[in-house]
Amino acid sequence: MARKRLLTGLQPSGALHIGNYFGALKPFVDTYGEYESTLMVADYHALTTLKDPLQLQRNILDIVKDYIAVGVNPERATIFQQSHVQAHTELTWIFNCLVSRSFLELGHAYKDKEARGLDANVGLFDYPVLMAADILLYDTDVVPVGTDQKQHIEYAREIAGKFNTAYGETFMPPKEQILKEVGAVPGTDGKKMSKSYGNTIPLFGTHDEIAKAVMGIVTDSKGESPEFVYAIHSFFKSRDELRKIYLDNKGKYKTLKEILINDIEAVVAPMREKRASITDADVKNILKDGGERARDIAETKMRDVRQKIGVTL
Ligand code: ADP
Ligand code: TRP
């Protein structure tokens, strides 16, 4: 029996932190081998918010390096850039002609951005439709995403239904696969680690950058155990191991932070080394190969779609 198809998209939006690692990268690396897996760099999605061309180029190269460095084998997964397969934008237009404005106005991501006064361009409004095209083009069975993306998968299912009703069975409704709740990794201030809060520990930072972030973890002088240090530490060591360490070093916050730095380093250093060995040229080759593979599948699907909608004479 053919293996199930998995596809996920990555926004190339800058340096990753250890919250991203435990919440998204590691769960992906742990499961992608069970499927026929595709990783898509969602560069046209990023364009809805990122307007700096050099930064976008850099981010695309970086995110591919990041995923390979944490353990994705480009021979076991197709890795490609969304903009390299024109069927994504073509199918988006076809879907646009099937969905109503009020349907898209229900989108959380758009509503949130608009409420925060951010530039709500048409691309942002149409974001779920492009994402539906990403997923549906490849007859995707499962889409691993964080809970914040659940609504987007519902959109993809509904759009598949709308097309099938209008033109006959063509698209398969996908299922989301909500990444195992690891719980949010807290940042250096105890709030959820997030690049928008400036409380991150960089995943691929140098030893000094990691040490600086850890030394900056907020501690209070009330208890004997620094709560936020422990909370981050618990992602790197078991409860039992930590109990002994925190008992032996009661009140010694600096020592505990130094132990945490070492434990982070033990996980990060091999990945950092691997990442440094991947060149921009390697990434371009991987994306070229992946693009060719993705284009073959997408084009076959589009031939059927064009025929069904009546533009093939
Ligand atoms: P950020 O909040 O830094 O902008 P993103 O929204 O880009 O992070 O998240 C990318 C992925 O990483 C998502 O799948 C998200 O669920 C996961 N992630 C982000 N921050 C954390 C965190 N602190 N703990 C666990 N997972 C996280
Ligand atoms: N919107 C997703 C995010 O921000 C990225 C994405 C784009 C995606 N296309 C996709 C995820 C297709 C899964 C499938 O995380």
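A polar contact is a pair of N or O atoms within 3.5 Å; within protein, one atom must be able to donate a hydrogen and the other to accept it, and residues adjacent in sequence count only if both atoms are side-chain atoms. Helices are DSSP runs of H or I with at least four residues, numbered from the N terminus.

This is a predicted model, in which local features need pLDDT of at least 70 and side-chain atom pairs count only at pLDDT 80 or more. Residues are numbered from 1 along each chain as its sequence is written, and side-chain values use heavy atoms, without hydrogens and water.

**Exercise 1.** Find which residue caps the N-terminal end of helix 3.

Solution. Start at the backbone nitrogen of L54. A side-chain oxygen of D52 lies 3.1 Å from that nitrogen, so D52 is the cap under the 3.5 Å limit.

**Exercise 2.** Check the span of helix 3 against its number of residues.

Solution. Helix 3 covers residues 53-69, which is 17 residues. The expected span is 1.5 Å times one less than the number of residues, which gives 24 Å. The end C-alpha atoms are 24 Å apart, so the two values agree. After the helix comes G71, with a positive phi near 130 degrees.

**Exercise 3.** Find which atoms of ligand 1 make polar contacts with V185, M193 and K195.

Solution. For V185, a backbone N or O atom lies 2.8 Å from a nitrogen atom of ligand 1. For M193, a polar backbone atom is 2.9 Å from a nitrogen atom of the ligand. For K195, a polar side-chain atom lies 2.7 Å from an oxygen atom of the ligand.

Conventions:
Chains lettered and ligands numbered in written order. Helix = DSSP H or I, 4+ residues; strand = E, 2+ residues; numbered from the N terminus.
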